[in-house]
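Please read the points below with the model open beside them. They are arranged by topic, and each can be checked on its own.

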Amino acid sequence: MSRNHRTRLKETLFLDGDKPSLLETVFKFLANNLSLISQLNTETNTWELKDDVIIPNEICDRFIQFYQSCSLDINDSFINIFKDTNRTPLKFVSLRNGSISDDGMRHLLNHKLISLSLWYCEKLTHATWQHLVANGSELKNLELGKLVDVLKNHEPNEKTPLDFQLALPKLKRLVLNGVALQSSVSFSHLHELSYLDLTACLFADFSLESLIHLPQLQTLILFNVWPLEREIPTICKLNNLRMLDISLSKSMMPSYSSPNKTLEFIVESLPLLEHLDISGTNLAGTGVAQQEATCGGHSSDIPGLASRVERPLKFLGLYDTTNSACRRHDIPSLTIAGDANEDQILLSAIMYQDRNEMLTKVLNDLYHLLRFENCTQIDRALRAVLIAMDKHISVKHIQISGSATLFYIVKSKEKVKFGSILKNHIIRTLLNGMSAHLSDDTMMRNGCLTLCQFSIPSDVLFEYERLVRILLHGVSDTEQSFVQRIAIYLLNSLACQVDGNQKLFLGNLGAISTMLNLINDRLNRKVFDDVMEVAWSTMWNVTDETAINCERFLDGKGMEYFLGCLRCFPDKDELLRNMMGLLGNVAEVKTLRHRLMTSEYIAVFSELLFSNSDGIEVSYNAAGVLAHIASDGPDVWTIQTPSREDVLNRMYSAIDRWNLETERNINYRSFEPILGLIKCYETPACQIWAVWALANLTKVYPEKYCKLVEQEHGVKLLMDLMDHMETCEKLKELAQIVLTNIDQNNQKYMEE
């Protein structure tokens, strides 16, 4: 069996996760392509296993686990694949944060499971418990964690606790969370039970007396069970206990009447005890040692543990105890969970992973350690935070604290040591939290800030679609906020340097309309800010070589907003550059160019030919727009003013003013639209603009653009241009510059 993914600090000092096995790689592919093993029944909307498919138990158990780790929902439709107990046998099932209902659970429970763990499965009701008991003859491990209310009444006005019996004879390990226990509930028949966790259970006339008859019981967890003082004598009769947890949340403000004597009674009555947790209680006393140091110099600053001075506990939980017991000097335990130092906090973060109340506070402690760069064990901190966030996706405070802590981990110098698998885990965990709490500004802010520490878009391409959906939600609110600003920055980064399919996806999800809404809102308020500027930049990127997005821009009153911005904010260079860059993309689409053919638009473009805004960028883009419009010939020039001849003459004059060595603020993925203009012999102004663009780009950025010209067969076009009888000397001169730049660049590579 392969190991589960976990982070660790390798000997090479590179933080990474275990490399995925071949089986995990196959699982990932299957998780995203369920149709390979099943088919979707369109009537019931459930997946059904194909008739010729049989999957062994070892694969079935682990595939469900892996499916969840890919942030995919465990619902009835998916679970239906495992309906056949012979062809898809299951033994060990662990579900968290799933939307599975009683119907789906019925299919799972028909497998006579050996182990079942359920956390945050809110749709389950008492019907699942009835199915479980009916099919639990082989069950050895059962966890009913947070928000799994199968042992609660679901009738809105019913206050009486459910009366149930644990008819699960082979049970060895049992976890119940927040269940009301009646006096009729018995454990005495569970002879093999060795581990019992009754976290936050309510004792309604229930007593622990029946536990005395459990010879195998070694672990008893009673976290947040209060009042418990009357049960201490019974607990002390469980002499085989090796682990006892009677800790409480600080918020409960508990108080034992005789803390020192009570703790002394417990440890002296349980000779095998190795693990004791008294966090959140006053059982550690005031800290005054009541026993003189032995000849070896040992004493205990926790009075009730004086008898364990020579035989210290392996673990002692002292988190949030009264009088700050974890900060005392002489504590008879090998390891301590508390908040006194880094080791104690990190241990607490691992030990209290299933306790929301304590975990949130522990993560805050960890956050402060990292914020002030006092944490030296980054790998342990990262592991603890990821486990916490992955386990408790629906718990907002854990997601907020965890994401804030992740920010400082990812921001640290250790980030350069993160391997790709670990980066993916961090990003996926962040997106899970953001998806679950989209309306919370703090969570969205933390998530966006942390994502900014990664390389965008390369590090997030594996979750591109989900991240786009989250960010579009983040920017959709027209109220100005920090979340909106950082979300639109990330969205713009995602739109840059990605392929056409991803730009198309952005448009399909409404990126263009969302940006236009932001711009319209600011125009109405006559407010210019970075959100407006980046909104135009995002549309510039999203429309690049994507005709449908250009059309969406025009259909959404984009040109109206362009003119509005031009009138309201004429001196904003970056804004003007972004708008003209976008219109350059629109003008490249032949089927849309006629929509730019109005006297108002052409006059504006012609005026911008002599703009000095942002160097030559605005002038260059204005000339590009006009070049593409003019390339369609005089017949499509349907306006009287400005005339085609006047505009072309202004283009010549503008291009003559440009410096060929000007550095550019532009990025081309393809020269196809520019190269197309070289063949426009009937309109030399179009050719002049196109060849000047190639001459400039190959001169200033030869490594990037010389090869692109060659790859797209630009050299032949340029040579044909030079040989053409109607080509003017200016054009030949520019074409020769391009060819010379390409030759020099090739020579440079040959010499290297």
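**Notes on the predicted model**

1. Helix α14 covers residues 464-475, and its twelve residues reach 16 Å from the first C-alpha to the last, close to the 16 Å expected at 1.5 Å a residue; the expected span is 1.5 Å times one less than the number of residues. Helices (H or I, at least four residues) and strands (E, at least two) are DSSP runs, numbered from the N terminus. Nine of the twelve residues of α14 are buried, so that the helix is mostly covered; buried means under 20% relative accessible area, exposed over 50%, and partly exposed in between, with a 1.4 Å probe and protein chains only. The buried residues are Y464, R466, L467, V468, I470, L471, L472, G474 and V475.

2. This is a predicted model, in which local features need pLDDT of at least 70 and side-chain atom pairs count only at pLDDT 80 or more, while totals for chains, interfaces and linings use all residues. Residues are numbered from 1 along each chain as its sequence is written, and side-chain values use heavy atoms, with hydrogens and water left out.

3. Helix α12, residues 420-436, has 17 residues and reaches 24 Å from its first C-alpha to its last, close to the 24 Å expected at 1.5 Å a residue. Its buried residues are I421, L422, I426, I427, R428, T429, L430, L431, N432, G433 and M434, a list that includes the charged residue R428.

4. The second largest pocket holds about 660 Å³ of space. A pocket is defined on a 1 Å grid over the protein atoms alone, as an open set of points where a 1.4 Å probe fits, with protein on both sides within 12 Å along at least five of seven lines, and lining residues have an atom within 4 Å of a point. Grid points are joined across faces, edges and corners, and the volume is the space filled by probe spheres set on the points. The lining has 35 residues, of which W540, N541, N665, I666 and N667 lie nearest the pocket centre.

5. Which helices supply at least two residues each to the lining of the second largest pocket? They are α15 (482-495), α18 (530-542), α21 (573-587), α23 (617-630) and α25 (672-678), and α21 gives the most, with six residues. By class, the lining has twelve nonpolar, 15 polar and eight charged residues, where Ala, Val, Leu, Ile, Met, Phe, Trp, Tyr, Cys and Pro count as nonpolar, Asp, Glu, Lys and Arg as charged, and the others, Gly among them, as polar.

6. The structure holds 24 aromatic pairs, a pair being rings of Phe, Tyr or Trp (its six-membered ring) with centres within 6.5 Å, and planes under 30 degrees apart count as stacked, over 60 as edge-to-face and the rest as tilted. F187 and F206 form an edge-to-face pair, 5.8 Å centre to centre with 70° between the planes. This pair links distant parts of the chain, 19 residues apart, since F187 lies in the loop between β9 (180-182) and β10 (195-197) and F206 in the loop between β11 (202-204) and β12 (219-221). F187 counts as buried because its relative accessibility is 0%, and F206 is buried as well, at 2%.

7. The ring centres of W536 and F553 are 5.9 Å apart and their planes stand at 70°, so this pair is edge-to-face. W536 lies in helix α18 and F553 in helix α19 (residues 547-555), so the pair ties together parts that are 17 residues apart in sequence. Both residues are buried. Elsewhere, F27, F63, F66, Y67, F78 and F82 form one aromatic cluster.

8. The charged end of R173 sits over the ring of Y195, 4.3 Å from its centre, and that of K707 sits over the ring of Y749, 6.0 Å from its centre. The test requires NZ of Lys or CZ of Arg within 6 Å of the ring centre and within 35 degrees of the ring normal.

9. Some backbone details deserve a look, given that most residues other than glycine have a negative phi and most peptide bonds are trans. The peptide bond from W226 to P227 is cis, with omega near 5°, and so is the bond from T641 to P642, with omega near -10°. K526, in the loop between α17 (511-525) and α18, has a positive phi of about 55° although it is not a glycine, and K526 is exposed, with a relative accessible area of 62%.
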